[in-house]
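Biologist: Please walk me through this fold. I would like to start with the sheet, then move to the helix and the charged pairs.

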Amino acid sequence: MPSIRTLIVAMPLVIACSILLGNAPAVSAARRVPWAGSRVLWLGDSITQNGTYVTDVEYTLETRFPAANFDIVSIGLASETASGLSEKDHPFPRPWVHERLQRALDRVKPKIVVACYGMNDGIYHPQSPERMKAFQDGISSLIEAVKANHAKLYLLTPPPFDPLPLSSTLPADAPDFSYMKPYVAYDDVLTEYARWEMSLKIRDVTVIDLHTPLKAYLLQRRKTEPSFSYSTDGIHPDAIGHLLMSRVILQALGVPIPDDDLASRVNAIAGDPLYALVAEHRQTRSDGWLAYVGYTRGDTVRADSVDAAEAKAAGLQSQIDQLRRAVHPSH
């Protein structure tokens, strides 16, 4: 089974660089440790709220750079958009990142922001000029807000939509669409989002293209496994999909990644006690900060403090530090 690195290496150099790095400058892991000592705020929809790919990134950074300190707060929110759009059949108005963005920036006080939007932003319809503009305006406003807070932004293009596992997709001339009954070629919309994001050339904004290499991996696997998918619903990646996402991000940051079998790697890290600690630490902080920043998703959720979550996370971080520095020598 081909790895994401194998696919990228097989591509022409110019294409491979554009897929992995977008408009980002080359980064050498030998020169610096990415994100070390800087608070990172991670935003996104349900894929980010699930958080497995964030855990995968954290775990790799913690193990590869055991002497460094990392401070990542991921507060993805299921159903959220940057566009502010919501389909008629959605059970409640989709949350809009701009409803909570400034609170997040003010409370988390990040030096770096990572944002992954797009999957929900076209509300599972065919593309239209109005919906495209709503996505562009939402992302542009996010960029402006992050820059106004003097933080650097890593913008992730959306992972692909895969219609293969679904039996409820609709043709372009259907009367309406929703996440339950999406447009069969909805990935064309996400491809257009990714292409536009990759065209952005803005100071302190690095675009990392997840969409292109993940789709390339999917199509490559299908050459020998026609029914292969890393999603059961076409939207949410499984553990292999999340690991792919993390590896594209890490390679864009200049962190070397192994060229191994992804399924075997998923099983290996799932059995590592250190991975379990990193996952619990990420989830603890995610739950605490998500509520402390506050959000509206049907109901409104607000918490007065994040202290209890941070205290628990600090204890987990002590265990992580002890284990990673004993097991993984400094590079």
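**Sheet, helix and charged pairs**

Modeller: In this predicted model, five strands form an open sheet with parallel pairing, in the order E2-E1-E3-E4-E5.

Biologist: Which are the edge strands?

Modeller: An edge strand pairs on one side only. That holds for each of two strands here: strand E2 (71-74) and strand E5 (205-208).

Biologist: What is the average twist from one strand to the next?

Modeller: The strands are ordered E2-E1-E3-E4-E5. From one to the next, the twist averages 20°.

Biologist: Which residue in E3 is the bridge partner of tryptophan 42?

Modeller: Strand E1 covers residues 39-44 and strand E3 residues 112-116. They pair in the parallel sense, over five bridges. Within E3, the bridge partner of tryptophan 42 is valine 114.

Biologist: At about what angle does H11 run to E2?

Modeller: Helix H11 spans residues 273-293. It lies across E1 and E2. Its angle to E2 is about 55°.

Biologist: How far does H11 reach from its first C-alpha to its last?

Modeller: H11 has 21 residues. At 1.5 Å a residue, 30 Å is expected. The reach in the model is close to that, at 30 Å.

Biologist: Which residue caps the N-terminal end of H11?

Modeller: Look for a side-chain oxygen by the backbone nitrogen of leucine 274. One lies 2.9 Å away. It belongs to aspartate 272.

Biologist: Which residue follows H11?

Modeller: Its phi is positive, near 90°. The residue is glycine 294.

Biologist: How many residues apart are arginine 222 and aspartate 162?

Modeller: These two form a salt bridge, with the closest N and O atoms 2.6 Å apart. Arginine 222 is in helix H8 (residues 211-222). Aspartate 162 sits in the loop between strand E4 (152-156) and helix H7 (186-198). The pair links distant parts of the chain, 60 residues apart.

Biologist: Which residue forms a salt bridge with glutamate 225?

Modeller: Glutamate 225 is partly exposed, at 28% relative accessible area. The closest N and O atoms are 2.7 Å apart, and the partner is arginine 221.

Biologist: How many salt bridges does a search of the whole structure find?

Modeller: Some are linked in a network: Arg39, Asp71, Arg285 and Glu310. Over the whole structure, the search finds 18.

Note on methods. Residues are numbered from 1 along each chain as its sequence is written. This is a predicted model: local features need pLDDT of at least 70, side-chain atom pairs count only at pLDDT 80 or more; totals for chains, interfaces and linings use all residues. Side-chain values use heavy atoms; hydrogens and water are left out. Helices (H or I, at least four residues) and strands (E, at least two) are DSSP runs, numbered from the N terminus. The expected span of a helix is 1.5 Å times one less than its number of residues. A polar contact is a pair of N or O atoms within 3.5 Å; within protein, one must be able to donate a hydrogen and the other to accept it, and residues adjacent in sequence count only if both atoms are side-chain atoms. A salt bridge is a side-chain nitrogen of Lys or Arg within 4 Å of a carboxyl oxygen of Asp or Glu. Buried means under 20% relative accessible area, exposed over 50%, partly exposed in between (1.4 Å probe, protein chains only). Two strands pair if DSSP finds at least two bridges between them. Axes are lines fitted to C-alpha atoms, for helices over the stretch in contact, and angles run from 0 to 180 degrees between N-to-C directions. Contact means heavy atoms within 4.5 Å.
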